[in-house]
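Have a look at the structure below before you read on. Then we'll walk through it together, one topic at a time.

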Amino acid sequence: MTNFVNTLGIMLYATLIYMTPLLYASLGSCFSEVSGVVNIGIEGMMTAGAFTGTVVAYFTGSPWIGFLCGGLAGAFFGMLHALATVSLGADQTIAGTAINMLGPGIVIMIAKVMFNSTDTIPLDASMKIPRLFRGVFDTSTVFGRFMDNVFANYAATYLVFIAALVVWFVFYKTRFGLRLRACGEHPQACETLGIDVLKMRFACVCISGFLSGLGGAFVTMAISNQFRPISIVGQGFIAIAAVIFGKFRPHGALLGCLLFGFCSGLKVVLGGSSGIDMQLISMIPYVVTVIVLILFVGKSRVPSANGRPFIRAK
Amino acid sequence: MNKKKSFLEFISEKRFIHILISILLGFLVGAIFLAIMGLSVGAAYGRLISSVTSLKGFSYVIVYSIPYILTGLSVAFSFKTGVFNIGCEGQFVVGSMAAACVGILAGGVPKILLIPLCFLAAMLAGAIWGIIVGFLKTKWGINEVLSMIMFNWVAFYLSNYIAGFPAIHSDGTAEATKNISENASTLLSKGVIDSLGLCPTANWGILVAIAATVLAWFIIEKTTLGYELKAVGSNKFAAEYGGISVNRSILTALGISGALAGLGGALQLMGMGSRISIFSSQEGFGFAGIVVALIGCSNPFGALIAGIFYGALTFGGSKLNLVGAPTQLINVIVGTVVFFIAISIIFTRLRFLKKKPKPKVPDKKPAEEKGKEAASE
């Protein structure tokens, strides 16, 4: 029993920690996709954020400044994407592919020049994002140990749930959110009503970059303590998958991220003990996603104007 | 029509001009980065050029470019038919693994049989991987981009899993499969390589790549099947109305696209790798295919040239550290090229800058007439 509760606690902890970067990026992706801009450049924006976050934290000694700068680095690449796709009407898939090459390319090159290695110098524990509830719970009882396991998480994990709530509120309870959704459904109608579609989309893509950058920074400043070229690999795409899974809604994306996080957690718990091949366990999240889609979720309705550049009539 | 105007029109209409401009801009941005880092632009680019222009260097380029050509073809083919095959990576991996299984387990089969067998196994595996995704889309309406991303990872872990099987796993300590049988190798004979001074992994896979290019072009441009696929790609409702089965077309397109990617995996294995390692992250041949297809204007012959260009950059880039420049410069250059290709759509608006049409008068009249006609009816 004690063992089970312990494992459950670790499981929950792992789920939360692995879903955090995905959720940041997914929330970002929601902004972009819902406003009508396909953003497959999330991966590149995350990588930029991951590198910038660790480097700034390393030199300033402050994890929060690093975390914020990670977001800003993502926002910079978001701005590039917005410039190409929104302002110049470029093909969104092509521009996103370019971001996915440019982001990692530039930061790994800078890493090479700065540190003479593609990895950054590992952060000290004090430079990582702090753990909020360390030592709050009494670990002598079973329940206390459970709580201590679960809440050993980093502060940014709790922050992302607040962020999700805020994003949900913005999307569905504010005028900005209504306009944002309208831009993705029928930009021409928005324009008729005096909404500046280009400005809205530009802002949304930048926000998506910022959130993705935060997600990337979390990977290198909490889950691990240094940037390596393979820090992010694939997570940006998983975040996009979570958004499609959640039918382009922030609360749906949260569920998607929870699923991926849970499966990663399962990997951690089963990995050491069960004797099942590690490669097969690693496959679980992806197979489960497809099965869940077939059984429960079904068709995902893409915002009508998603992927189509909006060119203003003269 | 004066000469200047036609020149502008020429620039605005020719796609390959946009691509050439983008490539130049890419190298320009690369040069700016080099200058910022305080490195010699001349030394770095000189090294890049000198390492790919010698005979030995060029043979490396060709060898490097083979998988990129195939994945580029795969993505280009899917673009033509209105699907975005981001699952190319997974199809490449399963193709490679299928070829490895055949190449190791059926090692005793004579060369003339074993090589086609490996190709076939790889193409079949790639095609199945593509068709599964198509099936999920046509049967349950599951977004293909999502399932492709999932299947890329399933393929990756599946490959690692299979590589661990005792029958296939290396006898030594290496985290990899056994080497494939000599009979499955596409390497040129040692004598030929030495006498011509080619690179040690010189192989005739490029001929297969060229054949695949011609075949893909032929299917798209010269067959009814290709016509149907293109019709679905440009307007699936019109195609359906015209009596084309959209679902079947999607499955066919993904099948062919997957087979091309799978073949790429086989060629890479049989020419260069000769065994499959257990990786900790995806290798990215499929993602490179997206870039190659974009640089090649989604045209099979374009993909062939772009694949060789990409191969040259990859190989040349690996030599950059000899002059103290980071290898990753290549990714920056290629990323910039793709970025400018994306925004090169503004070139197509150049001609509008030049000739301002008389505002709206000619537009209005037919509209009025139409209105009248409608009223009179």
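Here is a quick tour, from one chain on its own to the places where parts touch.

Keep in mind that this is a predicted model. Chain A is built from 12 helices and has 0 strands. Chain B comes with a domain assignment that gives two domains, and the two chains also touch each other.

**Chain A as a whole**

- If you walk along chain A from the N terminus, the elements read α-α-α-α-α-α-α-α-α-α-α-α.
- Along its principal axes, the C-alpha trace of chain A spans about 70 × 50 × 35 Å.
- Chain A has a radius of gyration of 20 Å, and this agrees with a compact globule because one with 314 residues would come out near 20 Å.

**Two helices side by side in chain A**

- Helix H1 (residues 2-34) and helix H6 (residues 155-173) of chain A pack with their axes 9 Å apart, at an angle of about 30°.
- Angles under 35 degrees count as roughly parallel, so H1(A) is roughly parallel to H6(A).
- The crossing of H1(A) and H6(A) is left-handed.
- On the H1(A) side, the residues that meet H6(A) include Leu16(A), Ile17(A), Leu23(A) and Tyr24(A).
- On the H6(A) side, the residues that meet H1(A) include Ala156(A), Val160(A) and Val167(A).
- Sort the residues of this H1(A)–H6(A) contact by class and you get 11 nonpolar, 2 polar and no charged.

**Where chain A meets chain B**

- The contact between the chains brings together 40 residues of chain A and 41 residues of chain B.
- On the chain A side, helix H4 (92-115), helix H10 (235-245) and helix H12 (278-297) each supply at least two residues.
- H4(A) gives the most to that side of chain A, with 14 residues.
- By class, the side of chain A that touches chain B has 26 nonpolar, 10 polar and 4 charged residues.

**The two domains of chain B**

- Domain 1 of chain B is assigned to 1-37 + 326-377, while domain 2 of chain B covers 57-324.
- Where these domains touch, domain 1 of chain B puts in 11 residues and domain 2 of chain B puts in 10 residues.
- Helix H2 (15-36) and helix H15 (329-343) of chain B are the elements that give two or more residues to the domain 1 side.
- H15(B) gives the most to this domain 1 side, with 7 residues.
- By class, the side of domain 1 of chain B that touches domain 2 of chain B has 9 nonpolar, 1 polar and 1 charged residues.

Methods
Residues numbered from 1 in each chain as written. Chains lettered and ligands numbered in written order. Predicted model: local features only at pLDDT ≥ 70, side-chain atom pairs only at ≥ 80, totals over all residues. Domains from an automatic or database assignment. Contact = placed C-beta atoms within 7 Å. Helix = DSSP H or I, 4+ residues; strand = E, 2+ residues; numbered from the N terminus. Nonpolar A, V, L, I, M, F, W, Y, C, P; charged D, E, K, R; others polar. Axes fitted to C-alpha atoms, helices over the stretch in contact; angles between N-to-C directions. Parallel < 35°, antiparallel > 145°, perpendicular 65-115°, else oblique. Left-handed = near helix turned anticlockwise from the far one by under 90°. Rg over C-alpha atoms; globule rule 2.2 N^0.38 Å.
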